[in-house]
Structures are given as structure tokens and as C-alpha cells.
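These are my notes from a look through one model.

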Amino acid sequence: MLRKDGKILNQQQERIASDIFLAFEYQWDFFVLEVLKLLEKDTVVSFEYLDDVAKQSGNKVILFQVKHSIRRKTNGRTINLTNRDCDLWKTISIWIKFIEENKDSDREAYIENNTFILVTNKSSEQNVFLDALLEYETNGDISGFKEKISFIEKSGIPTSDVSCQIRKFLNLPYLEKFIKHIRVNFLSNELESEIKDLMEMRFVLKKNKVENVYERLMTKMRDNAKEIIRNSGVVQYTYDTIKEQYWSIIQEGRDKLIFRTDYPSYNGNPYELMFIKQLIAVNDISKGDYDDIVNYTNEWFQFHNNIKDKWNNHDISEPDIQNLTNDVFTNWRNNYKQNYRKLSENSSVEDLNDAANKVLISVRNAPLSIANVPMGAALSNGCFYYYSNNDSTIVPDMPQIGWHINWKEIFKKNE
């Protein structure tokens with residue numbers, strides 16, 4: 001192989017270069033997997049920041065050391081993670097360094113708030129360290145754990161780096177607390193198929209669109225990461241990063257939604273529905289406005305059935321629901337604040353009802369979409385009624401909107 005400077009790489013140098021490249025690719029793919037798994041809005045996944053990859057939620061952190069090998073056994077399988085594996089003991093030494101960067105008084109708290117995970121594509125067969133971890137987790141016998149690790153230390157050259165690392169590990173004053181937080185995850189040699197499977201399942205992608213979405217998403221994420229690194233920033237993504245930066249790519253791989261409007265009529269008592277009670281409370285309707293109540297109930301029920309069926313059939317995903325929730329809430333909040341800005345609880349009932357009805361007029365004219373598919377006027381209205389009702393099966397913490405100046409106190413507090 002010819003380098004840019006004209007020098008020739010020997011076989012060993014070529015192998016080292018390819019190993020480094022594939023190890024980096026594996027680490028990046030694992031990072032992408034963790035990003036795509038994000039569901040909680042307060043969780044952050046970072047790349048080459050706290051560790052190779054890290055997942056942080058509040059003060060709890062999962063540190064991932066990602067190790068990849070291209071070496072194979074004669075049967076073609078990746079080599080084992082051996083008892084004295086350099087990847088294993090170097091990883092543990094790195095974590096010890098992280099711990100000891102803290103003051104002595106802070107180390108136990110640091111360990112308690114962190115989980116240390118070695119991610120590797122090596123095989124898990126016949127590893128004494130893993131057996132010792134598992135046994136300690138079962139019986140809590142630290143003497144038995146130390147005995148097994150001492151066996152590993154004595155099975156090699158006493159002056160080697162690995163032997164020195166093992167001895168330091170065994171003599172840690174916080175050893176018991178540390179090993180309670182150590183894990184090893186064994187993954188496949190290539191993570192591309194796992195990423196594609198996760199994308200297809202989580203984002204409800206069409207099978208014939210997965211490849212295209214994968215290629216575009218990986219390119220976009222890499223380009224964004226390069227730009228962040230050039231600007232000396234930290235490559236870290238949240239759930240909102242997916243929604244704000246990559247959702248348009250994901251959407252192109254999905255089936256277009258088709259909404260039904262032929263569900264059977266609601267057979268319950270509409271006067272018991274919270275959204276109807278909310279409308280009555282601001283004099284948008286009275287109990288005698290039977291035709292309006294039937295129409296509004298039908299709009300609510302058609303939307304209710306559409307979103308329930310599409311959720312249960314995995315036609316829509318959690319990001320779709322969150323995007324819709326944000327649109328509904330933002331539209332409602334802007335109109336609510338605008339129309340109530342000069343009023344208070346002491347304002348006249350006529351003025352308060354007038355403000356509430358103006359909010360309703362505005363939202364009933366607001367078109368809504370889900371998964372980038374417009375729902376039309378009737379389903380959009382039904383959607384606003386849905387969010388002012390108390391069904392929390394799909395969307396939590398309902399109702400999320402209301403019309404009365406004290407709607408939370410009157411309707412939400414009593415739920």
C-alpha cells in the first residue's frame with residue numbers, strides 16, 4: 001500500500017491501519033444504535049466524550065468501552081475474549097483512571113452513579129473473569145472473586161502490563177463497589193444489520209425503503225458529527241436530535257397514512273366525556289345542543305379510533321405522537337395566551353366565555369398533520385377534542401389543553 005508521502009506500508013502496518021479503521025467504524029455504529037434507541041427526552045448519548053460512547057440521564061451514566069477485533073479462529077468465528085485479553089484489562093485500567101480522577105471522598109459516589117460496560121465482538125467462551133463476575137453477582141463472595149482473578153494474574157508473565165493491571169485491580173480499596181457496576185456486552189461482528197432492523201421496527205419503515213433511509217441517515221449523522229468536531233464541540237445527541245435533524249429522512253421510508261372516517265358512532269353517553277364538559281363549561285354548547293354534541297363527539301371518536309388503530313398496528317411511532325402533541329399544544333397555547341392576556345379570574349363571565357370561544361374558533365380552523373400527512377378539518381377538530389379529553393392510553397397526562405381560564409383546576413385536578 002502506498003501512503004500519501006510516497007512511502008510503502010508493510011503488511012503489519014496495513015493490518016494495523018485497517019484494524020483502527022474498522023474499530024472506529026464499529027464504535028460509531030454502536031453509538032448510532034444507542035442514539036436510535038433513545039426514548040427518554042432527558043437522556044444524552046455522547047461519542048468520544050465521557051468514554052468511547054456514554055449514555056447519561058440525570059446523574060446516572062453508562063460508560064461504554066467499545067472494542068472490535070477482526071481476528072478469527074480456524075472455524076471462522078471471532079476469537080475469544082481471553083482471561084488475559086488486552087482489551088479487557090486495558091478497559092478496566094481506563095475505568096480505574098476515571099475513578100481515580102475524583103477525590104478519594106468522591107470515588108464511591110462516582111462508582112455508584114456509573115455503570116461500566118465493555119462492548120466487544122469477541123466470543124464469550126471460557127472466560128474466568130466473566131465467570132467470577134457472575135458468581136460474585138450471585139453469592140457476593142469477594143474472596144472467591146479475588147481467588148479467580150489471582151489465578152488469571154499468575155497464569156502469565158509477572159512483569160507484563162496485563163499482570164500489573166490485574167494486581168492493581170485486585171488491590172483497589174473500592175474493588176467490591178466497582179465490580180458491582182462492571183458489565184460485558186457481546187455483540188455481532190457487524191452492526192449494520194442491527195441498525196437497519198432497529199430503524200425498520202422503531203420508525204415503521206417500508207422494507208424496500210430501509211436501505212435508502214439507512215444510507216442517508218448514516219451520511220447525515222456523520223456529516224453533522226464532523227462539523228461539531230471541527231468546531232471543537234461535543235458529539236452528543238438526544239431524542240430531540242432525531243426529531244429535529246433526521247425526521248425528514250426517516251419519513252421518506254414510511255407508508256403514507258390513510259385515515260378512516262367510517263368508524264361506527266360512539267355508543268356511550270357523550271355528556272360524560274370530559275371534552276364535552278369542557279365545551280359546556282365555556283358556553284360553547286349547552287346541554288340542549290344535541291346536534292352539535294353529536295357532531296363534536298363523532299369528530300372526537302373518529303380521531304380517537306384512527307390514532308388508536310394506527311398506534312396498535314405500528315403505523316405511527318412515538319416520535320409521531322410527540323410531534324403531534326407539540327403541534328396541538330403550541331397551537332392551543334398561542335391562541336389561549338393571546339385571548340386571555342387582558343383577562344383574569346375576576347373578569348366577567350361574558351368576557352371569559354368570549355375569550356374561550358375565540359380560542360375554540362382559532363383551533364377549529366387549524367389544520368393538523370400526523371407523520372406529515374394532513375388530517376383534514378374534521379379529524380383536526382377531533383384531535384383537539386382528544387387532547388382536551390382524559391384518555392391517557394397513548395398520550396400521557398391528559399387532558400393537556402382546555403378552554404376555561406381555570407380549566408386545570410376544574411378538570412385536570414379532579415382526575
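Which backbone nitrogen does a side-chain oxygen of Asp141 reach at the start of helix 5? I found that of Ser143, to within 3.2 Å. I count a polar contact when N or O atoms lie within 3.5 Å, one able to donate a hydrogen and the other to accept it; residues adjacent in sequence count only if both atoms are side-chain atoms.

Before going on, I note that this is a predicted model, where local features need pLDDT of at least 70, side-chain atom pairs count only at pLDDT 80 or more, and totals for chains, interfaces and linings use all residues. Residues are numbered from 1 along each chain as its sequence is written, and side-chain values use heavy atoms, with hydrogens and water left out.

**Helix 5**

I looked up the span of helix 5, residues 142-154: its 13 residues reach 18 Å from first C-alpha to last, close to the 18 Å expected at 1.5 Å a residue. Helices here are DSSP runs of H or I with at least four residues, and strands are runs of E with at least two, numbered from the N terminus.

Ile142, Phe145, Ile149, Ile152 and Glu153 of helix 5 are buried (under 20% relative accessible area; exposed is over 50%, partly exposed in between, with a 1.4 Å probe and protein chains only). They lie on the same side of helix 5 because they cover an arc of only 100° around the axis. The arc is taken from the directions from the helix axis to the C-beta atoms. On the other side I found Ser143, Glu147, Phe151 and Lys154 exposed.

I then checked what the buried residues of helix 5 pack against: helix 2 (86-100), helix 4 (128-139), helix 6 (161-170) and helix 7 (175-179). Contact means heavy atoms within 4.5 Å.

**Helix 6**

In helix 6, I found Val162, Ser163, Ile166, Phe169 and Leu170 buried. These fall within an arc of 125° seen down the axis, so they line one face of helix 6. Their cover includes helix 5 and strand 5 (182-186).

**Cysteines**

How many disulfides are there? I count 0, taking a pair of cysteine sulfur atoms within 2.5 Å as the rule. The sulfur of Cys86 is 12 Å from the closest cysteine sulfur, in Cys164, too far for a bond. Cys86 is exposed at 54% relative accessible area, and Cys164 is partly exposed at 37%.

**Aromatic rings**

I looked up one aromatic cluster, which includes Trp89, Phe145 and Phe169.

Key. Expected span 1.5 Å × (residues − 1). Phe/Tyr/Trp six-rings, centres within 6.5 Å; stacked < 30°, edge-to-face > 60°.
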